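Me: I'm new to this one. Could you walk me through it, one feature at a time?

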Amino acid sequence: MKKLTKHAKSIADNLIQFLDNAPTPFHATQSIAQRLEEANFTNLKEEELWETKPGGRYYVIREDASIAGWINGKTAPASSGFRIIGAHTDSPNLRIKPNPNIKKNNYQQLGVEVYGGVLLSSWMDRDLSIAGRVMATGINNKKLTKHFVLLDSSILRIPLLAIHLNPDVNTNGLVLNRQNHLAPIFGLESKQKDPLKFLLAQELGLKSSQIIDYDLCLYDLQKADFLGPQQEFIAGSRIDNLFSCFCGLESLLQVSKRKDIPETNCMMVAFDNEEIGSLTSQGARSSFLSSILNRINHSVGQPSPQAYERSLSTSVFLSADMAHAIHPNYQEKHEPQHFPYLNEGPVIKRNAQGRYTTSGHSSAHFEMICRNRNIPVQKFVNRTDLSCGSTIGPFVASDLGITAIDIGAAMLSMHSIREMCGSLDPYYMLEAFKGFYTDA
Ligand SMILES: [Zn+2]
């Protein structure tokens with residue numbers, strides 16, 4: 001393996017911290033916003049009038065779960081376009097139902113729904129906790145307030161059935177019914193009428209009756225960490241797609257530290273709801289990105305005729321999401337000419353059916369950026385007889401009509417509660433992203 005230099009290790013360390021701080025899309029968005037604030041990016045609100053200037057740094061949040069941060073370039077977008085790195089803040093998980101409290105066989109349990117394509121077996125026998133967003137009223141008024149909550153002790157578990165009671169499980173596979181087999185144990189039967197609200201109220205310093213509703217996710221308490229005799233790997237939750245969010249954010253911050261203002265407009269956008277198809281008010285199929293690009297065009301300098309359309313014609317969208325690394329025990333699942341390896345650099349994803357946006361043109365553009373920075377590049381296509389996953393790329397590219405490319409870092413165990421990736425790849429991806437903003 002190429003050596004994990006001190007520099008590359010420190011980037012991996014920061015990614016590990018980012019993963020641990022973001023158990024939900026709300027927390028991922030908050031983490032990104034906090035880093036942008038620290039770097040003097042101005043928080044623009046969608047309801048306000050925007051005035052921006054060349055070299056200015058801004059960010060905007062929608063629905064607490066999608067965020068875009070950008071640096072206005074030296075020249076107006078109409079002449080230089082945008083360089084946009086897109087990722088997603090959400091990951092498949094289990095979410096608590098509105099009326100969740102179940103009493104059964106002396107246990108207290110919580111009803112949960114499945115969010116996205118969860119690899120359900122990986123959620124069994126893990127020490128779980130709860131994080132998300134809670135809506136509550138004030139004590140003496142009816143005004144709703146928003147609270148972000150992150151419980152950090154192990155309070156939930158979905159126990160596997162003992163092998164003695166399910167003797168064929170190793171040969172037949174673990175079959176889990178989503179309605180019957182996923183409710184985690186939440187202690188023994190409680191005297192509380194609503195034990196979940198009771199717990200949340202305690203945590204937030206509220207009365208149970210003040211809590212009106214919530215968006216709550218289950219998450220694994222085990223922290224992300226290095227793995228392997230040479231720390232070759234990182235193991236943790238939500239690598240898909242916080243890895244790409246992290247690299248997008250870090251590259252933007254590094255560009256913002258440079259003395260010279262970048263030529264073009266550099267943006268990173270992280271959408272919620274990719275894992276459920278993006279068709280929400282803050283997802284990649286919403287107006288979030290197009291509205292921001294439009295408003296930048298109108299808020300910087302003298303708006304020129306047809307500025308928005310002209311800016312799009314010279315823009316490039318880099319859709320960053322994870323790629324399937326070759327699995328040594330299931331080699332036959334991969335296209336033999338296209339094995340993505342861990343720690344071998346960004347993977348360019350192609351699909352003739354257009355599930356990825358990459359063309360020979362956009363692929364060559366990205367590969368040149370990497371070559372010029374001595375970053376290895378890999379190319380991926382699915383086996384021709386297997387169906388292909390999807391990304392935010394096609395939605396954004398078709399909506400805006402801009403050149404796009406799908407890339408991502410190689411990983412194993414995608415959508416497991418504990419995924420893994422290479423520890424050198426965050427460095428490679430970050431370098432490639434910086435090149436995308438400034439080199440071409
Ligand atoms: Zn993803």
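**A guided first look**

Reply: Let's start with a helix and its surroundings. Strand 4 (82–88), helix 7 (288–299), strand 14 (316–320) and strand 18 (403–408) are among the elements that cover the buried residues of helix 10. Helices (H or I, at least four residues) and strands (E, at least two) are DSSP runs, numbered from the N terminus. Covering rests on contact, meaning that the C-beta atoms of two residues, placed from the backbone, lie within 7 Å. Before we go on, this is a predicted model: local features need pLDDT of at least 70, side-chain atom pairs count only at pLDDT 80 or more, and totals for chains, interfaces and linings use all residues. Residues are numbered from 1 along each chain as its sequence is written.

Me: Which residues of helix 10 are buried?

Reply: A residue is buried if 20 or more other C-beta atoms lie within 10 Å of its own, exposed if 12 or fewer, and partly exposed in between, with C-beta atoms placed from the backbone. In helix 10 (residues 393–400), the buried ones are Gly 393, Pro 394, Phe 395, Val 396 and Ala 397. Just past that helix, Gly 401 has a positive phi of about 65 degrees.

Me: How many residues of strand 13 are buried?

Reply: In strand 13 (residues 265–271), 7 of its 7 residues are buried. Asn 265, Met 267, Val 269 and Phe 271 point one way, while Cys 266, Met 268 and Ala 270 point the other way.

Me: Which way do strand 3 and strand 4 run against strand 13?

Reply: Two strands pair if DSSP finds at least two bridges between them. Strand 3 (residues 66–71) runs antiparallel to strand 13, with 5 bridges, and Ile 67 stands opposite Ala 270 there. Strand 4 runs parallel to strand 13, with 7 bridges; here Ile 84 has Met 267 as its bridge partner.

Me: What is the strand order in the open sheet of 5 strands?

Reply: The order is 11-12-20-19-15, with mixed pairing. Strand 11 (225–227) and strand 15 (323–324) are the edges, each pairing on one side only. Strand 15 joins strand 19 (residues 410–412) in the parallel sense over 2 bridges, and Ala 323 has Ala 410 as its bridge partner. Helix 1 (residues 6–21) packs on this sheet, touching strand 11 and strand 12 (233–236).

Me: Can we zoom out? Which domains does the chain have?

Reply: Domain bounds come from an automatic or database domain assignment. That assignment gives domain 1 (6–91 + 237–438) and domain 2 (93–220). Their C-alpha centres lie 31 Å apart, and the contact between them takes 14 residues from domain 1 and 17 residues from domain 2.

Me: How many helices and strands are there in the protein chain?

Reply: The protein chain has 11 helices and 20 strands. Its C-alpha atoms fill a box of roughly 65 × 60 × 40 Å, taken along the principal axes. Buried residues make up 46% of the 440 residues.

Note on methods:
Axes fitted to C-alpha atoms, helices over the stretch in contact; angles between N-to-C directions.
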